[in-house]
Amino acid sequence: MSENTVKVSEEESILLSITKMLGLSGVSAFEMDIKIQINTAFSALYQMGIGPRDDQGKTIPFEITSENNKWSEFIPGPSLNNIKTYIYLKVKSYFDPPQNQALITSIERQLHELEVRMYTEEGGY
């Protein structure tokens, strides 16, 4: 880490907070896998029109590259907790899916509800 690099807190960092929610805090062996799954979830949000916008108000793609990427870089505002939960559930379902079908169905329903809420909040109908 260079002198000019500011360490991002676990709560602010997308990668560190998702890793913590997965119960893998401090484990770097799966960092690349988790980053890929986080970026896949961000891609799904982009396709729904959710995320950072350019000067014309059009949604632009977003991806993380390190633990220094912050949630505030993606989107500020009231949707952030829904987005954090959505990213966590998507990553969990890819990375460490439950073995119980009832739990899988529950996660799928939660994801669907979050998608509808976020899409509606962003102006989709």
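Trainee: Is K20 buried or exposed, or something in between?
Mentor: K20 counts as partly exposed, because its relative accessibility is 49%; buried means under 20% relative accessible area, exposed over 50%, and partly exposed in between, using a 1.4 Å probe and protein chains only. This is a predicted model, where local features need pLDDT of at least 70, side-chain atom pairs count only at pLDDT 80 or more, and totals for chains, interfaces and linings use all residues. Residues are numbered from 1 along each chain as its sequence is written, and side-chain values use heavy atoms, leaving out hydrogens and water.
Trainee: And which residue does K20 form a salt bridge with?
Mentor: The partner is E10, with the closest N and O atoms 3.3 Å apart, where a salt bridge is a side-chain nitrogen of Lys or Arg within 4 Å of a carboxyl oxygen of Asp or Glu. The pair links distant parts of the chain, since E10 sits in the segment before α1 and K20 in helix α1, 10 residues apart; helices are DSSP runs of H or I with at least four residues, numbered from the N terminus. E10 is partly exposed too, with a relative accessibility of 31%.
Trainee: How many salt bridges does the structure hold?
Mentor: There are four. One of them joins E31 to K35, the closest N and O atoms being 3.9 Å apart, and both residues lie in helix α2, four residues apart, or about one turn of the helix. E31 counts as partly exposed because its relative accessibility is 29%. Another salt bridge pairs K92 with D96 at 3.6 Å between the closest N and O atoms, and D96, at 40% relative accessibility, is partly exposed.
Trainee: Switching topic, how do α1 and α2 cross?
Mentor: The axes of α1 (residues 14-21) and α2 (residues 31-47) come within 10 Å and cross at roughly 105°. That makes α1 roughly perpendicular to α2, a label for angles of 65 to 115 degrees. The axes are lines fitted to C-alpha atoms over the stretch in contact, with angles running from 0 to 180 degrees between N-to-C directions.
Trainee: Which residues in α1 and α2 meet?
Mentor: From α1, I14, L15, I18 and T19 meet E31, I34, K35, I38 and F42 of α2, contact meaning heavy atoms within 4.5 Å. The residues of this contact divide into six nonpolar, one polar and two charged.
Trainee: What does N39 touch?
Mentor: N39, which is found in helix α2, touches E63 and I64, not counting residues up to four places away in sequence. N39 counts as buried because its relative accessibility is 17%.
Trainee: Where is E12 found, and what does E12 touch?
Mentor: E12 is found in the segment before α1 and, not counting residues up to four places away in sequence, touches N69, K70 and W71. Its C-alpha atom is separated by 9.8 Å from that of E73, although E12 and E73 are 61 residues apart along the chain. E12 is partly exposed, at 38% relative accessibility.
Trainee: Last one, which residues are buried in α4?
Mentor: In α4, the buried residues are L80, I83, K84, Y86, I87, Y88, L89, K90 and V91. What covers them includes α1, α2, α3 (71-74) and α5 (101-121).

Note on methods. Helices (H or I, at least four residues) and strands (E, at least two) are DSSP runs, numbered from the N terminus. Angles under 35 degrees count as roughly parallel, over 145 as roughly antiparallel, 65 to 115 as roughly perpendicular and the rest as oblique. Ala, Val, Leu, Ile, Met, Phe, Trp, Tyr, Cys and Pro count as nonpolar, Asp, Glu, Lys and Arg as charged, and the others, Gly among them, as polar.
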